[in-house]
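Thanks for coming, everyone. I have one model to walk you through today. Please put it up on the screen.

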Amino acid sequence: SRVLLTGGSGFLGAHVLDTLLKRGHSVVTTVRNSAKADKIRQRYAQYDSGKLAFAIVPDIALDGAFDEAVISDPPFDAVIHTASPYTFAITDVQSQLLDPAINGTTNILLSIAANAPSVRRVIITSSFAAMWQRDRGNWPEHTYSEADWNPVTHEEALTSPAVGYSGSKKLAEQAAWNFMDEKKPNFSLTTVNPPMVFGPMIHDVTLESVNTSNARIRDVLAGKWKDSVPDTGLFLCVDVRDAALIHVLAAEGEEMAGKRVMAVGGYYSNKEIVDIVRKEFPEYAGRLPEESSEGGDFPGGSVQNYFKFDNGRARGLLGSEFVGFQKTVVDLVASLKGLGA
Ligand code: NDP
């Protein structure tokens with residue numbers, strides 16, 4: 001089928017693009033400028049413009065940003081919207097996180113409803129951040145599922161970049177479901193809610209500009225955890241290849257129409273990251289903390305003291321096991337080495 005992808009220049013978006021092309025779809029991806037399009041075209045020189053093309057959308061937050069991108073010949077069957085800022089290096093939550101996340105989401109839905117009547121399915125990348133009730137702490141008696149929403153309000157989101165990001169994902173996802181309820185458009189909506197996404201990078205990136213989630217492993221390799229391993233934060237992750245495939249599978253069938261998909265692969269900890277790097281990449285030994293150092297572990301040293309998760313919906317869609325964390329880290333470190341780590 002023919003798919004419009006937003007954010008094909010990003011870490012996750014590049015894997016969604018790769019998966020779409022390998023599964024035979026024809027893709028138009030939005031990028032901010034033609035230099036970004038050229039980089040992607042170079043990687044996929046074997047695909048002609050019928051299989052891979054580009055639409056320039058300089059800023060997803062602007063009114064009507066996608067009005068032209070959604071128009072295509074042949075017309076689109078599905079849209080996958082991954083573009084949204086995931087960074088804490090900001091000075092203004094409203095304009096740098098909330099506006100692109102929320103307006104970007106409503107903009108694409110409005111443009112599809114107005115200009116792309118052929119679209120049957122829309123997949124939006126939300127986040128586990130939209131589900132995670134951080135104030136509940138470790139909450140060992142709770143099992144997270146698609147029923148969970150974080151309670152962050154617009155006002156609270158403005159208080160810090162971290163809360164701002166959680167707010168941006170929750171408010172954007174909510175805006176999407178509200179749009180569906182109110183406008184009852186011709187297409188169905190699925191949201192994909194991944195926790196920390198790690199894995200090899202196939203987008204145009206440098207060691208300095210590594211995306212937010214993978215930057216943690218770059219920092220390990222650079223020796224930043226030598227004195228102490230930081231707290232893990234959220235102990236849930238998914239491999240980027242699984243997260244991408246979940247988006248594409250959701251776009252290919254009706255099964256996930258009207259649903260959220262909590263794309264959790266499993267647990268991980270910062271301590272495990274260090275252990276895997278120590279074992280698999282002895283060349284970094286001098287930059288790692290002592291083997292006896294204790295930071296980054298699960299509360300009380302056991303996953304039993306942490307909340308549970310029900311990833312049955314995502315697992316059923318994948319139809320196979322998730323990529324294990326060991327492989328994720330090994331492939332990510334290889335990718336970072338390629339960038340000079
Ligand atoms: P990246 O920063 O690598 O990708 C973000 C993408 O969004 C890039 O293509 C970026 O374009 C684009 N983008 C951001 N803001 C704008 C804007 N104002 N106008 C146009 N394009 C914009 O991060 P990820 O790949 O990690 O994130 C992709 C999606 O996955 C996001 O929706 C994020 O919230 C979600 N997510 C990520 C997780 C993770 O751990 N990585 C976890 C859960 C969800 P450009 O490259 O030009 O800046």
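Two housekeeping points. Residues are numbered from 1 along each chain as its sequence is written. This is a predicted model, so to speak: local features need pLDDT of at least 70, side-chain atom pairs count only at pLDDT 80 or more, and totals for chains, interfaces and linings use all residues.

Overall chain. The protein chain has ten helices and twelve strands. Those are DSSP runs, numbered from the N terminus: helices are H or I with at least four residues, strands are E with at least two. The radius of gyration is 20 Å, close to the 20 Å that the globule rule gives for 341 residues, so the chain is as compact as a globular protein of that length. That radius is taken over C-alpha atoms, and the rule is 2.2 Å times the number of residues to the power 0.38. Along its principal axes, the C-alpha trace spans about 60 × 45 × 40 Å.

Now the record. UniProt, in an unreviewed entry, places the feature "domain: NAD-dependent epimerase/dehydratase" at residues 3–265. Positions are in the numbering used here, feature names are shortened, and annotations may be inferred rather than shown by experiment. Over residues 3–265 the chain is 36% helix and 16% strand. The end C-alpha atoms of that stretch are 25 Å apart.

On to the sheets. Two strands pair if DSSP finds at least two bridges between them. Look at β5 and β7 (residues 188–193): five bridges join them, and they run parallel. There, Arg 121 stands opposite Ser 188 in β7.

Contact here means C-beta atoms, placed from the backbone, within 7 Å. Axes are lines fitted to C-alpha atoms, for helices over the stretch in contact, and angles run from 0 to 180 degrees between N-to-C directions.

The other sheet is open too, with three strands in the order β8-β9-β11 and mixed pairing. β8 and β11 (266–267) stand at the edges with a single partner strand each, so one side of each is left without a neighbour in the sheet. Three bridges join β8 to β9 (residues 236–239), and the two run parallel. Phe 198 stands opposite Asp 239 in β9. Helix α7 (residues 240–252) lies across β8 and β9, at about 75° to β9.

The peptide bond from Asp 73 to Pro 74 is cis, with omega near -5°. Pro 74 is in the loop between β3 (52–56) and β4 (78–81). Trp 139 has a positive phi of about 45°, although it is not a glycine. Trp 139 sits in the loop between β5 (121–125) and β6 (143–144).

Last, the ligand. How many residues surround the ligand? The count is 26, and the closest are Gly 10, Phe 11, Leu 12, Ser 84 and Ser 213. A residue is near if its C-beta atom, placed from the backbone, lies within 6 Å. α1 (11–22) and β8 (196–198) each supply at least two shell residues. The largest share, three residues, comes from α1.

How values were computed:
Two residues are in contact if their C-beta atoms, placed from the backbone, lie within 7 Å.
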